[in-house]
Amino acid sequence: MINLFTVTLACAAMSAWAQETIDIAGFKQSLDMSGSWMVAPADPDPAGLPAADLQFSDFDGHVKAATGSHAIWLRTEIRNSRDFEISRLLELANPLLARVTMYVDEPGRPMRIEHSGFRTPVESKSLHQPNPVMPLRLGPQSSATVYLHVFTLDRMRVPSKLWTTQAFYQKQQVHTFIA
């Protein structure tokens, strides 16, 4: 029988896990990041990064709300344990996300900003894919905070996956061949 203590421990464990730093060098093909984000409400058109005092909470990949437009901030911590720069691709597997802006805050480097989503002009996107896909680079032996501002005109669903470049394009070739 499940008691309140067990539920409290489980919630505390899930909360602690969601705040762990993710080593982007520690996988061969892809890594599901859907449970690795913290979430906070956002304005549809922000003027930059969220306020320092904004309260983030655990995020399971879905905003539980009715239809209509929604905007959220997502935040996670990443690190590169290798002695060389690592490049990955962050895919948000929902082609209906209108605008996605990724901010990578790596100490000692300028803020990196990437844009995607179906309402983002093509010339502003780094990669032209049906789902929002953004390059993510991290210097040797470094860490960073990644913020995503996500805006949608419909229900919010943000399944996220981090890919090696080779694995992502192999998946795309299979998808294109089958479709």
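Colleague: How many salt bridges does the structure hold?

Modeller: The structure holds six salt bridges. The term asks for a side-chain nitrogen of Lys or Arg within 4 Å of a carboxyl oxygen of Asp or Glu. This is a predicted model: local features need pLDDT of at least 70, side-chain atom pairs count only at pLDDT 80 or more, and totals for chains, interfaces and linings use all residues. Residues are numbered from 1 along each chain as its sequence is written, and side-chain values use heavy atoms, with hydrogens and water left out.

Colleague: Why is the contact between the side chains of glutamate 85 and arginine 109 called a salt bridge?

Modeller: The N to O distance is 3.5 Å. The limit is 4 Å, so the pair qualifies.

Colleague: What makes this pair a link between distant parts of the chain?

Modeller: Glutamate 85 sits in the loop between β5 and β6, arginine 109 in the loop between β7 and β8, and they are 24 residues apart. Strands here are DSSP runs of E, at least two residues long, as helices are runs of H or I of at least four; both are numbered from the N terminus.

Colleague: Are glutamate 85 and arginine 109 buried, partly exposed or exposed, and how do you know?

Modeller: Buried means under 20% relative accessible area, exposed over 50%, partly exposed in between (1.4 Å probe, protein chains only). Glutamate 85 has 37%, so it is partly exposed. Arginine 109 has 34%, so it is partly exposed as well.

Colleague: Which residues are linked with them in a network of salt bridges?

Modeller: The network links Glu85, Glu106, Arg109 and Arg112. Glutamate 106 meets arginine 109 at 3.7 Å, N to O. Glutamate 106 also meets arginine 112, at 3.2 Å.

Colleague: What makes glutamate 106 buried or exposed?

Modeller: Its relative accessibility is 3%, so it counts as buried. Arginine 112 has 15% and is therefore buried too.

Colleague: Where is glutamate 106 found, and what does its side chain reach?

Modeller: Glutamate 106 is in the loop between β7 and β8. Its side chain reaches the backbone nitrogen of glycine 139 at 3.1 Å. It also makes a polar contact with the side chain of arginine 112, at 3.2 Å. A polar contact is a pair of N or O atoms within 3.5 Å; within protein, one must be able to donate a hydrogen and the other to accept it, and residues adjacent in sequence count only if both atoms are side-chain atoms.

Colleague: How many bridges join β7 to β10?

Modeller: Eight, and the two strands run antiparallel. Aspartate 105 stands opposite threonine 145 in β10.

Colleague: Why is β7 called largely enclosed?

Modeller: Seven of its nine residues are buried, so the rest of the structure largely encloses β7.

Colleague: Which strands form the open sheet, and what makes a strand an edge?

Modeller: The order is β2-β11-β6-β9, with antiparallel pairing. β2 (30–32) and β9 are the edges: each pairs on one side only. Within the sheet, six bridges join β6 to β9.

Colleague: Which residues of the largest nonpolar core touch the most other members?

Modeller: Leu74, Leu148 and Val150, out of 28 residues. Such a core is a set of buried Ala, Val, Leu, Ile, Met, Phe, Trp, Tyr and Cys residues joined through side-chain atoms within 4.5 Å. The elements giving two or more residues to this core are β5 (70–80), β6 (86–92), β7 (97–105), β9 (133–138) and β10 (142–152). Apart from it lies another core, of ten residues, including Trp73 and Tyr103.

Colleague: What is valine 150 in contact with, beyond four places in sequence?

Modeller: Contact means heavy atoms within 4.5 Å. The partners include Ile72, Leu74, Leu97, Val100 and Met156.

Key
Two strands pair if DSSP finds at least two bridges between them.
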